[in-house]
Each structure stands twice: as structure tokens, then as C-alpha cells.
Amino acid sequence: MKSIAELQQLIKESEQIHIGGTSSELKKNIDMSTYSGVVEYYPEELVITIKAGTSIAQIEQILKKNNQALTFFTDNPEQTIGALYASAGADFADAVLGVQIINGKGELMNFGGQVMKNVAGYDVSRLLVGSKGQLALITQMSFKILPAAAALSHQKKPRPQQSTSALHMSLTQKLKQIFDPYGVFV
Amino acid sequence: MTSMSVSSQLSRALPKGSIICGSENTRAFECDGLSVYKQKPMAVALPTNIEQIKAVLKICRKTKTPIVTRGAGTGLSGGATPLEGCVVLGLSKMTRVVSIDAQSQLAVVEPGVRNLAISEAVAEYGLYYAPDPSSQIACTIGGNVAENSGGVHCLKYGLTVHNVEAIKMLTMDGEELILSRSDEGLGLLALMNGSEGLLGVITEITVKLTKKPALAKLVMAGFDTVRECAHAVADIIKAGIVPAGLEMMDKFAIEASEAFVHAGYPLDVEALLLCELDGEVELVEAELESALKILVGASTIKVSENEAERLLLWQGRKSSFPAVGRLSPDYYCMDGTIPKRHLAGVLEKINELSKHYQLRVANVFHAGDGNLHPLILYDAGVPGELEKTEAFGMDILKHCVSVGGSITGEHGVGIEKLDAMCVQYSVKELEVFHQIKAAFDPDSLLNPGKAVPELHRCAELGNMHVHHGELPHPELERF
């Protein structure tokens, strides 16, 4: 998958589709691993914007050249940043500044940005962290990064996540409806 | 029963003295820190516990009365400006520090606890609450969460969202929702931070506490040009230093602050940089050495010798709003953010606009995180000058968005930046925001009309978002 337009088309044409993993005859699949690379990186901004299929190892290598690092814990260099985003929690979300997404209707949207501070609109770019690919396809994301020495102090191992209340789950369902009203992402 | 007025129902449900009604009595609540907009509420409720908040929610739900939740009313974007016929739900009496866990560096507090009061309550353990908006003496933690407030130390210590471990809130239905950083699934806790009182009423907050640094040093450097100062900011970051604070002021702001506070700022420079380094003694000394090497091109340089001097140098910066306020009948404070590499260019643009609109402007920046606070000086007594000032402000925000920034870094949208939201977001993105609001508050009773503009408003304004060359809002009629 090479372009945003192709990804949008694929989602529009699909009744049901799974993000990540491998395709099988039973399940249609979006493989994001070829949608990778750095979109923008200015070391003095302490911000990097990357495509979702970029592996953690690739990102770390790029940042290392400027003696910078990611501020969240990673233990699988092969994993893509998109896969980590989909399964992570609040310590990861702390570093997220913005996302580009395609919703279940195939519409491209941007939330947040490439700046450290941004309180315009609800914080959708952090809301979708941990959404397990069920609400939208995340195509690219921007992160706060830090000088390597300072980044270390932020990297905490993920805590065991607690299950949530019935109200929490009902809100999650309503939010799924907003981003994926036809239930395309499975 | 149903014929009883909302005020009477509230007075019956809450203890005596908790409900304020009548035009004269509610005047104190007619605006927040954005005082050009005023509206008296129907009533003000000042509950002291969660059961009383639930009672207010129940009455407002039944009577379809809008609620505007309010902390200390120090917000700068009109988030707490009352709506016609609304009940202001003031949480300023809920000031209990519920518990402090020094070991885990957490404190549980009610929403009306003042920001600085948290730090005071935990000082004996060598801890403090890191986010420090300039209004921290007065502003409440509940308001901080609602606005995702910042301050001068965000670059190193994060915004409110980074320093909140958990919250308890009530939905408009009166149901309690507990959100924590350990929750599985979607980031609802992050969503609540900065939601401007539109999604729920926050009733309790667990904040993270930070260890007081062993040493803090402030470096003050003056520059002959703004551009050199902006370069110094980039060079400090590139050198691997993460300053606790990195602030910039332009000549006008320096002069105003110096005249007000006498902090010892140089008056013969075009731009001033304040760079605070904190942490373990050895680290601070090493960072200080590298910072001074980077700042070698500065025309003046000074390092704080002691705490009193460090605080005095900060006081000049922290007092810059009132300092500028002394020079003009009124001033309007902007809050755009930009990628730092555009700092000098954006400042030049602001100066051009200042000439165009014939309005003076003083600039203070949280330079480390690209957050600008241009202060536009005007006189509301001159007919048309407020409108001219708002147009100037809008031009600044449009420019921030055009270089990849945002219309608000820490003050929020409220009622003030509804039009500017049309510049930053597409109609589809704004629709998502409206739908999120509806998921939490389907009858739209919590702070309705704030934070997210109605879509027709954006079309009528013609201030339209252009993204990737798409025609904005093609589905809406133009007038």
C-alpha cells in the first residue's frame, strides 16, 4: 500500500477489514508495513512525524543520529509504530502530538498537530491510543521526542491495564460509532 | 412541583446559602478572565459535595437548563462565561485535599483546590505540583484539567494531561465515571483533559507530584536581534539540554515588565531569553556550562546567584501581562503555537500586522514549546477598536495555523476562538468533535455552544480551512 488515496479507496470498498497482521482467505487485511518512513523531523523542535508502518528500530536509528530518543517504552524493535499506538496506554499517549487518520467511511482527517501545546478541539490524537485498530486507520503520527539522556527517565514499562466499568464500555461503543459507523474495522 | 422555578428547586435541594440568584448577586459570576464578554446567569450553585452536584445535575436535566461549570473564573477564553438562562455550577467551595501519598507521589484533591495550594499542601514532603499557569495563585485544579493548562515549565514537566493520574467525574446523567491512566482501551482520561466543561463535571482529581529539584539556576541573556535570540533557543535544544523553562520577551514586553517589577532586565536589547536549568547539582552545573557557551553571542548575560534573584528574574516575566496592562486601558492576550523554527518569521509578521492595524503589541513567548502570547494594546472606549483588535488577533492565529501551528496552546477555545476553529479544522473534523460531545451529553446541556463552532458559522464567516487544496465545506451554502 503506497498512497493515502489507495488506502481510502480500500476502506471505502471493504465491508469488513482488519488492520495489521497477515491476510488469509477468510479475512481482508490492510498491511501497513510498506507505508513507512519519516514525514518530517526537525531535531530542534523535539518533534518527529512518521508514517504508521515505520518500525521502532528505524525510528530509533534516525533519532540516534541526533542523540535523541523516543520517550516511551519499547521492547520489540520489529514492531511498527502504528501497532504500538493501537495497543499502548497513557505513558505512550503522553508523547503523542497529532495523528492523521482514515475513518471507517474512508475519510481523511487530522487531529492535533506538530506542536507541543495544542488545546484546540478535543484531544482525539490521544483518545485513539489503545483503540486496537477498531475505530480508524492511523496513517501517520507526530511525537514529542527528547535528548537521549532525558528520554530515558520517561521510559516506564507498561503497567498492567485495568478493565473498565460498564459506562466506560458504553462510551467506547458510542465513540466507535462516530469513527466507524458501518463497522468496517474488525 | 414542575411549575416551581429552577432557582426555587435548587434552593430547596441544596443547603442555605449555596444558591445565588438575582441580577445584583450574580454579577460576580457574569464573566471569567475574558471580561469583554458578560452575561448574567439565571442562578449560581455552589455545592460542597458530590451529592449536591448530583442534585444540581438532576434539576437541570429535568428542566433542560444549561450548566456552565466554573472553577476560579481565571480562564482567558470565555470557557466559564455564563450562557443566558444557565446555572453556573461553581466548584470553588470544594477545596478538600482528600489524601496525599508521598511515597507514590500522588495527591487526591477536590476540583476547587487552587493550583498553588496543592504545592503548598505537599511542600513538607519535598514535592510540588509541576504545571504552573501564571494564574496559579487563584486558578483551580478542576479548571486546569478542563483547559489542559500549561505554564512556563511545560517543556520539561508536561502539561496538565501529563500530570493527572486519574479523575472522578459525573456525566450529565449523574452517573459516576472513574478514569485512570491504567485504563484498558481508549484514552478517555486524555480526552477529558481540555474538554472545557462540555463532557462532564469533574469531581475529584488524582494529581502526580514532582520532587523539588536540588538546584535551579536561571540564565538571562539579552540579544540585539530577535532572530539571534530565536537561534539561541534552537541551539540550546539541539545541544541536548531540556530547560525547565525557556522564555522569550520582545523589547516592548521587557520595558513594560522592568518598569513594573524592576527585575534588572537590560533595556538596550531587542529580545530577552530566560533559561532555567534544574535538577541534581552536577547536572545543572554541566548544563549551565554548555548553555553559556551557546549564549556567547548574547549582548548581556546574567546567571542567578541565589533563590531570591532567580525568583525576581522570573517575576518580571510572570508579571508581564499586568505590566503591559499598565500601559493601556485594555489589552487582548493571544495564545497561538508554532513550530519553533518559524519564531522569528512569525514575530516579523506580527510587527507588520501591528503597523497595519495601528495597534501596539508586546510579545512574550514560551519559546521552548513554541507558544506565543502576543498582547495587543487597545482602548475599548474607542468605538470600533475592540473589533479591530479581534481582527488583528484572528490574523495572528491564521498565520500560526499556516506555518503548522495551533490557534491555542493553553488558554482554550471557549467562546473566544470559535471562529478561529474554522481555520484550523475541516468540517468533517469539527463534526467528529460535535459527535463526541453528543456521546457524553446528548441533550447538550453542559456548556453548550462553547469550544466547537456550529458548522454554519464557519461557512458564513468565510474563514475557511483549506487542506491539500480541497474546496472547504463544499456541502454548505455560501452567503
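Colleague: How many residues does the contact take from chain A and from chain B?

Modeller: In this predicted model, chain A gives 47 residues to the contact and chain B gives 58 residues. Residues count as being in contact if their C-beta atoms, placed from the backbone, lie within 7 Å.

Colleague: Which element gives the largest share of the side of chain A that touches chain B?

Modeller: Helix H7 (166–179) of chain A, with 7 residues. Other elements that give two or more residues to that side include strand S8 (136–147) and helix H6 (148–152) of chain A. By class, the side of chain A that touches chain B has 23 nonpolar, 15 polar and 9 charged residues.

Colleague: Why are H12(B) and H13(B) called roughly antiparallel?

Modeller: Helix H12 (residues 343–357) and helix H13 (residues 385–402) of chain B pack at an angle of about 155°. Angles over 145 degrees count as roughly antiparallel, so H12(B) and H13(B) are roughly antiparallel to each other. Their axes lie 10 Å apart, and the crossing is right-handed. Among the residues making this contact are Ile350(B) and Leu353(B) of H12(B) and Phe392(B) and Ile396(B) of H13(B). The contact residues divide into 7 nonpolar, 1 polar and 3 charged.

Colleague: How do you know that S5(B) and S6(B) pair?

Modeller: Two strands pair if DSSP finds at least two bridges between them; S5(B) and S6(B) have 4 bridges, in the antiparallel sense, and therefore count as a pair. Within this pairing, Asp101(B) stands opposite Leu106(B) in S6(B).

Colleague: What makes S5(B) and S9(B) edge strands?

Modeller: The open sheet runs in the order S5-S6-S10-S8-S9 in chain B, and S5(B) and S9(B) each pair on one side only.

How values were computed
Residues are numbered from 1 along each chain as its sequence is written. Chains are lettered from A and ligands numbered from 1 in the order in which they are written. This is a predicted model: local features need pLDDT of at least 70, side-chain atom pairs count only at pLDDT 80 or more; totals for chains, interfaces and linings use all residues. Two residues are in contact if their C-beta atoms, placed from the backbone, lie within 7 Å. Ala, Val, Leu, Ile, Met, Phe, Trp, Tyr, Cys and Pro count as nonpolar, Asp, Glu, Lys and Arg as charged, and the others, Gly among them, as polar. Axes are lines fitted to C-alpha atoms, for helices over the stretch in contact, and angles run from 0 to 180 degrees between N-to-C directions. Angles under 35 degrees count as roughly parallel, over 145 as roughly antiparallel, 65 to 115 as roughly perpendicular and the rest as oblique. A crossing is left-handed if the near helix is turned anticlockwise from the far one by less than a right angle, and right-handed if clockwise.
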